[in-house]
Amino acid sequence: MRRIFLISVLLLWTLCALAQPASPKRELRAVWIATVGNIDWPSKPGLSAQQQQQEFLTQLNFLQRHGFNAVIVQVRAAADAFYASPYEPWSRYLSGKQDEPPFPKYDPLEFMVNECHKRNMEFHAWFNPYRALVNSSNNPNPPQHATRQHPDWIIPYAGKSYFDPGSPAAREYILKVILDVVDRYDIDAVHIDDYFYPYKVPGKTFNDNASYKKYNSRGMSLDDWRRNNVNLFVSQLHHNIKKQKPWVKFGISPFGIWRNAGRDPEGSATNGTACYDDLYSDVKLWMEQKWLDYVAPQLYWEHGHRLAAYEVLLPWWKQHSGNRQLFIGLGLYRMAGAPKAPWNSTNEILKQIRSARAQNADGLIFYSMSSFYKIKPDLADSLQNKYFGHIAIPPATPWIELPTPAAPALKFRSSGSKVRLDWEIDKTKKTTLRFLVYRFEAGKDIDLEQSSQIIALTTQQSFTDEEATEGCRYVVTALDRLWNESAASNIVGAQAD
């Protein structure tokens with residue numbers, strides 16, 4: 001009987017996946033752009049400022065053309081900075097030398113944020129909080145850097161060095177670095193990856209005994225104490241981001257397994273490295289406590305994987321994400337040079353997109369940008385022409401309170417096959433708005449949930465439709481920076497009510 005029930009559930013899920021709209025109206029469509037080791041950008045250290053900018057624009061234009069609406073860019077890879085920081089040195093992945101700015105000097109973070117916003121794309125600033133040195137035997141940092149001024153904060157492990165998560169002073173320093181960016185740059189979100197305590201290496205010990213003895217006043221076990229250290233960091237970062245700029249979102253992309261069911265009945269039916277037990281990251285608690293605005297688990301395994309199947313993990317994360325946003329991390333890199341199925345074609349990753357939509361996930365994030373250039377264009381073509389074929393906006397965050405924009409007042413002029421739309425908005429509120437322009441063919445109902453009816457996303461207060469058809473009608477809505485949508489404008493057109 002149980003087997004029949006499970007088969008029925010799987011069949012129902014498959015039918016739901018097939019019934020999903022090809023392109024939902026609200027969906028984060030993002031890509032990770034890694035800078036450590038020049039994985040994605042810049043392509044190599046030492047490029048001129050103009051070359052760096054052109055490479056980023058090429059990537060951004062590619063993403064915009066293929067339907068993406070956000071980027072997640074690593075701006076602090078290893079206690080360095082891809083921006084003008086008062087605390088940490090310019091990253092050597094820019095100039096080739098740590099603490100040396102790009103030439104001619106510019107601020108890459110400011111440049112990237114501005115270019116994203118020009119394209120109505122979100123910019124999520126990605127921080128690696130605890131990685132201090134990518135090579136323990138080589139410290140390229142200047143004398144005033146934290147790794148030199150505070151060696152008691154630093155723990156070498158398996159060839160790399162990390163800030164000690166158990167040191168309150170080290171945590172305060174990292175918070176200060178991140179909140180400085182929140183304060184000075186117009187980012188849309190702070191994004192933290194999966195590196196809290198480092199991944200375990202057989203035969204190696206993460207030697208935090210000194211801080212464990214010094215700061216374990218509650219007498220916790222080593223594992224519980226480590227988890228508490230990470231919990232403190234996450235909760236403090238969330239609190240301070242919201243205190244500073246309530247509209248800046250906070251998201252984390254954890255390893256794809258919270259706990260295995262073999263160790264905890266609340267865990268997933270998997271058997272692998274786990275956030276809770278191996279990385280000391282209790283992501284489930286963070287979601288329950290609402291310390292995150294979104295969670296983006298890295299589900300880099302295929303359907304049917306023997307240890308961590310995609311179809312097992314996806315519903316687990318959906319079930320435990322609460323009322324926060326769930327973005328699914330997809331392992332695009334698995335396709336690069338894959339010699340055999342399931343990763344040697346687009347079939348698996350497109351199936352993963354359909355499955356995520358069937359589970360009502362709020363978005364998709366691909367790892368990583370350079371992988372698009374290492375595989376055939378088939379996937380990008382499928383995204384552009386079908387899966388991301390219509391304009392989509394990121395999901396709203398109703399728990400972050402902002403006044404909903406007023407509906408625009410719309411005017412209509414036609415000249416042959418062209419239609420000119422102009423609209424007015426409430427000018428008493430000084431805030432940047434975006435606008436969605438909807439077009440409905442003759443006989444179509446006014447339905448603002450259909451992405452296929454959106455023909456433009458713009459910051460302008462006018463739009464010319466050069467593909468108007470006889471009898472079509474138009475509606476415009478306003479969007480605030482958190483993508484809250486106003487009521488519809490008045491309806492205009494040849495057959496307007």
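Analyst: Two strands pair if DSSP finds at least two bridges between them. Strands (E, at least two residues) and helices (H or I, at least four) are DSSP runs, numbered from the N terminus. The model is predicted, so local features need pLDDT of at least 70 and side-chain atom pairs count only at pLDDT 80 or more, while totals for chains, interfaces and linings use all residues. Residues are numbered from 1 along each chain as its sequence is written, and side-chain values use heavy atoms, with hydrogens and water left out.

Strand 15 (residues 434-440) joins strand 16 through 4 bridges in the antiparallel sense. Leucine 436 has leucine 457 as its bridge partner in strand 16, and tyrosine 438 stands opposite isoleucine 454 of that strand.

The loop between strand 17 (462-465) and strand 18 (473-479) holds glutamate 467. Glutamate 467 has 61% relative accessibility and therefore counts as exposed (over 50%). Leaving out residues up to four places away in sequence, glutamate 467 touches Ser417 and Arg439, where contact means heavy atoms within 4.5 Å. From glutamate 467 to valine 419 the C-alpha distance is 8.2 Å, although 48 residues separate them in sequence.

For contrast, threonine 35 sits in the loop between strand 1 (28-33) and helix 2. With 0% relative accessibility, threonine 35 counts as buried. Its contacts, apart from neighbours within four places in sequence, are Trp41, Gln74, Ala77, Phe82 and Tyr93. Phenylalanine 82 lies 47 residues from threonine 35 along the chain, with 8.9 Å between their C-alpha atoms.

Elsewhere, helices pack on one another. The axes of helix 2 (residues 49-65) and helix 4 (residues 108-118) come within 11 Å and cross at roughly 30°. Helix 2 is therefore roughly parallel to helix 4 (an angle under 35 degrees). In this contact Gln53, Phe56, Leu57 and Leu60 from helix 2 meet Phe111, Met112, Glu115 and Cys116 from helix 4. By type, the residues of this contact are 6 nonpolar, 1 polar and 1 charged; Ala, Val, Leu, Ile, Met, Phe, Trp, Tyr, Cys and Pro count as nonpolar, Asp, Glu, Lys and Arg as charged, and the others, Gly among them, as polar.

Another pair is formed by helix 6 (residues 168-184) and helix 8 (residues 222-244), which pack at an angle of about 25° with their axes 10 Å apart. That angle makes helix 6 roughly parallel to helix 8. Residues of helix 6 in the contact include Ile174, Leu175 and Ile178, and those of helix 8 include Leu232, Phe233 and Leu237. The contact of helix 6 with helix 8 divides into 9 nonpolar, 4 polar and 3 charged residues.

Methods. Axes are lines fitted to C-alpha atoms, for helices over the stretch in contact, and angles run from 0 to 180 degrees between N-to-C directions. Angles under 35 degrees count as roughly parallel, over 145 as roughly antiparallel, 65 to 115 as roughly perpendicular and the rest as oblique. Buried means under 20% relative accessible area, exposed over 50%, partly exposed in between (1.4 Å probe, protein chains only).
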